[in-house]
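Here are my notes on the model you sent over. Have a look at the structure first, then go through the points with it open.

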Amino acid sequence: MTMKKILVTGGLGYIGSHTVVELQNSGFQVIIIDNLSNSSLDVLEGITNISKTPPAFERLDLRIKADVSDFFKRNKDIEGIIHFAASKAVGESVENPLLYYENNLNTLIYLLQECNACGIENFIFSSSCTVYGEPDSLPITEDAPVKAATSPYGNTKQISEEILKDTCSVSSLKSIALRYFNPIGAHKTAEIGELPAGVPQNLVPFITQTAAGIRKELSVFGDDYPTEDGSCIRDYIHVVDLAKAHVIALQRLLSANNETQFEVFNLGTGRGSSVLEVVNSFEKTTGQKLNYKIVARRPGDVISVYADTKKANKILGWKAEKTMEEALESAWKWERKIRNIS
Ligand code: NAD
Ligand code: WQD
């Protein structure tokens with residue numbers, strides 16, 4: 001039986017690399033496009049070490065339309081695309097909105113134009129819980145209103161979903177937008193994990209870098225929110241659980257089991273955890289004492305968000321299985337490996 005060939009854009013990045021492993025483990029042939037703007041070639045080795053199969057790789061910048069077009073001329077047999085490639089730092093997007101609109105929207109448009117031209121009908125998109133803003137009620141279901149975006153990054157995710165919906169309505173394209181909550185953790189082998197450039201903006205990489213002695217202390221942004229312990233609440237999901245959902249969503253499209261041409265699913269655990277709970281859980285799981293202090297709230301943070309996962313549970317037949325402890329343990333194992341800490 002011939003293996004179905006899937007293009008994974010941004011496949012050397014954090015979520016993309018874990019998804020490539022799950023795709024290869026599920027019998028798909030993978031070709032990765034990445035411009036290495038937020039990743040490194042070492043990731044290819046990590047993926048290969050886990051799945052014993054080197055994925056095909058092309059270093060290509062998806063902002064260059066002619067290169068995208070040339071790629072599809074040379075690769076006629078692609079049956080589906082999982083599009084991870086994007087810029088993702090919320091603060092940077094406020095400082096440099098055009099970079100974000102160009103990188104997150106042009107790349108999507110060029111890929112969709114090629115889907116139309118080449119007859120590729122299956123497209124999975126990385127969306128985000130950021131589209132919900134500060135929710136009116138919890139847990140958040142997929143039909144909760146999309147709130148005005150608070151950053152250009154968030155806006156690119158909202159616009160991307162609109163672009164996909166509109167394209168699906170006038171073509172044979174089938175697409176699923178997966179709204180991720182907060183992905184954390186690494187592969188249990190520590191062959192791949194998260195590689196934040198510069199000072200981490202996200203909680204868990206900041207925690208592991210602090211424990212590794214790279215950062216002096218973790219700043220906990222606010223303990224005066226209207227939550228049980230005063231810190232913000234998020235839905236932290238293990239990146240491997242998230243990766244597996246992509247394989248299931250792709251299979252749904254490939255076997256034409258989708259109910260509508262454009263579908264949206266929340267990917268979270270359904271459980272909210274506070275910042276202080278994550279800190280305590282990290283200390284307990286790893287035995288590492290964490291240096292932290294409470295500081296002022298971070299502007300723009302929403303108080304509490306966690307997913308209603310019933311739609312993904314029922315319709316995709318997917319459920320997050322890994323625990324917060326497993327995620328934090330794997331994140332710490334990964335940090336130790338890349339810093340050569342025994
Ligand atoms: P990442 O930065 O680790 O991976 C993105 C990859 O895309 C990188 O390897 C980067 O080099 C590549 N890339 C970026 N622009 C490119 C271009 N023009 N051409 C080719 N390659 C390009 O990010 P991630 O955390 O793996 O996120 C993947 C996707 O999931 C993104 O779309 C992101 O917005 C979305 N998302 C991430 C999170 C999160 O917390 N990590 C949450 C919600 C949604
Ligand atoms: C989690 C919690 C912080 C760092 C961001 C994007 C969102 C999505 C996921 C892509 C918050 C607190 C953090 C620190 C802290 N990405 N924190 N000290 O803000 O939920 O979401 O990543 O789509 O769009 O906005 O994630 O990991 O930054 O923060 O106290 O040094 O940890 O205040 O409550 P966030 P995060």
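This is a predicted model: local features need pLDDT of at least 70, side-chain atom pairs count only at pLDDT 80 or more; totals for chains, interfaces and linings use all residues.

1. A term to settle first: a polar contact here is a pair of N or O atoms within 3.5 Å; within protein, one must be able to donate a hydrogen and the other to accept it, and residues adjacent in sequence count only if both atoms are side-chain atoms. With that in hand, a backbone N or O atom of F221 sits 2.9 Å from an oxygen atom of ligand 2. S219 also uses a backbone N or O atom, which is 2.7 Å from a nitrogen atom of ligand 2. N202 works through its side chain, with a polar atom 3.1 Å from an oxygen atom of ligand 2.

2. Residues are numbered from 1 along each chain as its sequence is written, chains are lettered from A and ligands numbered from 1 in the order in which they are written, and side-chain values use heavy atoms, with hydrogens and water left out.

3. Back to ligand 2. Its shell has 19 residues, the closest being S128, Y153, S219, R234 and D301 (a residue is near if one of its heavy atoms lies within 4 Å). By type they split into 10 nonpolar, 6 polar and 3 charged. For the record, Ala, Val, Leu, Ile, Met, Phe, Trp, Tyr, Cys and Pro count as nonpolar, Asp, Glu, Lys and Arg as charged, and the others, Gly among them, as polar. The largest share, 4 residues, comes from β8 (helices, H or I, of at least four residues and strands, E, of at least two are DSSP runs, numbered from the N terminus).

4. Now ligand 1. It has 28 residues around it, and D34, N38, S39, N103 and Y153 come nearest. The side chain of D34 has an N or O atom 2.6 Å from an oxygen atom of ligand 1. Alone, ligand 1 exposes 820 Å², and the protein buries 95% of that.

5. Which elements each supply at least two residues of the ligand 1 shell? They are α1 (14-25), α5 (97-118), β5 (122-128) and α6 (152-169). β5 gives the largest share, 3 residues. The shell's makeup is 12 nonpolar, 11 polar and 5 charged.

6. Two backbone spots to check. Most residues other than glycine have a negative phi, and most peptide bonds are trans. L36, in the loop between β2 and α2, has a positive phi of about 65 degrees although it is not a glycine. L138 and P139 are joined by a cis peptide bond, with omega about -10 degrees; P139 lies in the loop between β5 and α6.

Technical notes: Accessible areas come from the Shrake-Rupley method with a 1.4 Å probe; for residues, only the protein chains shown count as cover.
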